[in-house]
Amino acid sequence: MTTTAVRPDLLGTLLTRLTGDEKHAPSAHSTLDVLWVLYDRILRVSPDTVDAPDRDRFLLSKGHGPAGYYAVLAAKGFFPVEWLDDLGGPGSRLGHHPDRVLIPGVEIGTGSLGHGLGLGVGTALGLRAQGYDARTFVLLGDAELDEGSNHEAIAYAAAARLDLLTAIVIDNQSSTHGWPGGIASRFPGWMTSLVDGRDHDAIEFALRQRDRDRPHVVVATVEKKG
């Protein structure tokens, strides 16, 4: 399969081609900038290296409304942009949750919220055990942090000193419960960064940071559109 990357200014156009899941459009828009910076500037993965054992991994835990994810993958050439015109159709590979078996570049299938960070911890552990200097990034929603499985993953990642693991939390100020000290305080033992989730240079700078002894969480504040 041959695909061609498109210009980043066409991302909005690609996003409008995905119809049938408008109720999750705010989630798609809130993740779009972080996803673009990841795939355009940070991740060591491309359509030609989706199976390379030493590639960087990106795991979408915020699985609701994956339209932004699909638009970025199409824009970077992982699959033909024509796929975007049939979201959730009978013969479509693009479901309302990403499927790693059907979509090139997708690392995990997502469904119930709260699973992604635990999978990211396991991925980072596996890569380290094999001696790969590959990074693992996990994108979460803020309300998703109320799932207890995330707190187990947070605690274990700190204890295991998974320095090649980065969690990115999209902060829409929609957490189910308040938390003294903000979202970053939910990650004890982690390096923390706070950024404007629309500022591409700030996002890139934060994602490039690494503490050789701790995992890293980037909290990206984004005001939802729509």
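## Helix 4 against helix 5

Axes are lines fitted to C-alpha atoms, for helices over the stretch in contact, and the angles between them run from 0 to 180 degrees between N-to-C directions. In this predicted model, helix 4, which covers residues 116-129, packs with helix 5, residues 148-159, at an angle of about 25 degrees, and their axes are 8 Å apart. Since angles under 35 degrees count as roughly parallel, helix 4 and helix 5 are therefore roughly parallel to each other.

On the side of helix 4, the contact is made by Leu117, Gly118, Val121 and Leu125, while helix 5 contributes Asn150, Ala153, Ile154, Tyr156 and Ala157.

The loop between helix 5 and strand 3, the latter spanning 165-171, holds Arg161. Although Arg161 is not a glycine, its phi is positive, at about 55 degrees. With a relative accessibility of 48%, Arg161 counts as partly exposed, because that class lies between the limits of 20% for buried and 50% for exposed.

Glu82 is found in the loop that runs between helix 3, residues 67-75, and helix 4. The relative accessibility of Glu82 is 52%, so this residue counts as exposed, the cut-off being over 50%.

Technical notes: Residues are numbered from 1 along each chain as its sequence is written. This is a predicted model: local features need pLDDT of at least 70, side-chain atom pairs count only at pLDDT 80 or more; totals for chains, interfaces and linings use all residues. Side-chain values use heavy atoms; hydrogens and water are left out. Helices (H or I, at least four residues) and strands (E, at least two) are DSSP runs, numbered from the N terminus. Angles under 35 degrees count as roughly parallel, over 145 as roughly antiparallel, 65 to 115 as roughly perpendicular and the rest as oblique. Contact means heavy atoms within 4.5 Å. Buried means under 20% relative accessible area, exposed over 50%, partly exposed in between (1.4 Å probe, protein chains only).
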